[in-house]
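Visitor: I'd like to learn how to read a few features of a protein model. Please go through them with me.

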Amino acid sequence: MIRLIVGLGNPGTEYEDTRHNAGFWWVDQAARQLGGSLQPDRAYHGMVARVNGAAADGSPVWLLQPMTYMNLSGKSVAPLARFFKILPGEILVVHDELDVPPGQMKLKLGGGNGGHNGLKDIQAQLGSGDFWRLRLGIGHPGVKSEVAAYVLRKPPQAEREGIEKMIDDSLATLPLMLAGSMDKAMAKIHAKPPRPKPPRPEPAAGKPELPPASPPVGE
């Protein structure tokens, strides 16, 4: 069961629309969906919302946007988790992911950090990597040396719309996550869209389609 949801990003207006802030966008919408209000909390170095009774067992759910800049995200996450006795397996970290194409997403428990500095610091500060990650695909620029500039740029409109649709789709699984049904949430997040139906074949050239036969007329 998820008790703490963390969206990763960088504070400041110059970063708010960049790819690296996709986790912030997700938590903003989650707060609206749950009726929470994110407020600055100096004790946890971030924007924090407590939503009472949101978890399946009636306990509160915490939403967090670290205001520490990405590289120090753990400085915000670890104190809140420790104070409220939230285990790593009860934490969901939502973040941008270079290795997933734009508009696609992956949900997983544990694993490495893939070079993501926010995940790296959370692992170090918690002393564990056994937390859930919702990886929001932003694609890769193709050249490693361009990654830093790429994640800190605004995506083009079509790409932004794809990310927003992905956020909407994944938020539909939030009730499952709060109920502890992570397998069901994962199945929905990883489900491929249905294939479009093939178009009806056109009649062959020179052979007009015959109208349906008229029913027989009664005597």
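Visitor: Is Phe84 buried, exposed or partly exposed, and what is its relative accessible area?
Guide: Buried means under 20% relative accessible area, exposed over 50%, and partly exposed in between (1.4 Å probe, protein chains only). In this predicted model, Phe84 is partly exposed, at 22%. Phe83 is exposed, at 57%.

Visitor: What should I know about the model before going on?
Guide: It is predicted: local features need pLDDT of at least 70, side-chain atom pairs count only at pLDDT 80 or more, and totals for chains, interfaces and linings use all residues. Residues are numbered from 1 along each chain as its sequence is written, and side-chain values use heavy atoms, with hydrogens and water left out.

Visitor: How is a pair of aromatic rings described?
Guide: By the distance of the centres and the angle of the planes. Rings of Phe, Tyr and Trp (its six-membered ring) pair if their centres lie within 6.5 Å; planes under 30 degrees apart count as stacked, over 60 as edge-to-face and the rest as tilted. The structure holds 4 aromatic pairs. Phe83 and Phe84 form one that is edge-to-face, with 5.0 Å centre to centre and 80 degrees between the planes. Ring pairs also link Tyr44, Trp62, Phe83 and Phe84 into a cluster.

Visitor: Which residue lies over the face of Tyr150?
Guide: The test for a charge over a ring is NZ of Lys or CZ of Arg within 6 Å of the ring centre and within 35 degrees of the ring normal. Arg19 lies over Tyr150, 3.8 Å from the ring centre. Arg133 lies over the face of Phe131, at 4.3 Å.

Visitor: Which residues of helix 5 are buried?
Guide: An α-helix has 3.6 residues a turn, so residues three or four places apart point the same way. Helices (H or I, at least four residues) and strands (E, at least two) are DSSP runs, numbered from the N terminus. In helix 5, Glu159, Arg160, Ile163, Met166, Ile167, Ser170 and Leu171 are buried. They cover an arc of only 130 degrees around the axis (directions from the axis to the C-beta atoms), so they sit on the same side of helix 5. The face turned away from that side carries the exposed Gln157, Ala158 and Lys165.

Visitor: In which sense do strand 2 and strand 3 pair?
Guide: Two strands pair if DSSP finds at least two bridges between them. Strand 2 (residues 39-41) and strand 3 (residues 46-51) pair in the antiparallel sense over 3 bridges. Pro40 has Met47 as its bridge partner. The two strands form a hairpin with 4 residues between them, and His45 in the turn has a positive phi of about 55 degrees.
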